[in-house]
Amino acid sequence: MLPLRTAPYYGIKCNVDFLETIGGIKIDEHMEVIDTQGNPIPGLYAAGADTGGWEGDTYCVKLAGTTFSFALNSGRIAGENAVTRKTRSS
C-alpha cells in the first residue's frame, strides 16, 4: 500500500450487480465459442465473465471474486487450447 498524496481523488461505489454480463457468449469446456446450433466454432475462443454456459443454478453472485478466478483460468485454458489447435492443424 502506498499513501495517496496528490488530489483529486475519485471513488466508485460497486454493488453485487457490478459483475459484467455473466452469460453473454456461450462456450464449451475448451473455451471455444458455441454457435446458435450448439456446435463449437473452430478456433474461436472466449473467456472471462462475459461468457456463459459455465455458471450453474447454484452460482452465487455475491461471491464476486469467483468471476475473477474464472477469468484468469478460462483465459489460460483458451490459450492452451488455441496453441494445441494450431499445432494440430500445422
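How many helices and strands are there in the protein chain? In this predicted model, the chain holds 1 helix and 4 strands, and when these elements are read from the N terminus on, their order is β-β-β-β-α.

Of its 90 residues, 21% count as buried, and the accessible surface comes to about 7,000 Å², of which carbon and sulfur atoms account for 58%. Where contacts join residues at least 6 apart in sequence, 57% of them link residues that are at least 24 apart.

I27 sits in the loop that runs between β1 (25-26) and β2 (32-34), and because its relative accessible area is 8%, under the 20% limit, I27 counts as buried. Although I27 and Y45 are separated by 18 residues in sequence, their C-alpha atoms lie 7.8 Å apart in space.

Is E32 buried or exposed? With a relative accessibility of 6%, E32 falls under the 20% cut-off and is therefore buried. Once the neighbours within four places in sequence are set aside, the residues in contact with E32 are K26, I27, P40, I41, P42, G43, L44, Y45 and R85, a list that includes both I27 and Y45, the pair described above.

Methods. Residues numbered from 1 in each chain as written. Predicted model: local features only at pLDDT ≥ 70, side-chain atom pairs only at ≥ 80, totals over all residues. Heavy atoms only, no water. Helix = DSSP H or I, 4+ residues; strand = E, 2+ residues; numbered from the N terminus. Buried < 20%, exposed > 50% of the residue type's maximum accessible area, 1.4 Å probe, protein only. Contact = heavy atoms within 4.5 Å. Areas by Shrake-Rupley, 256 points an atom, 1.4 Å probe, with all protein chains shown as cover.
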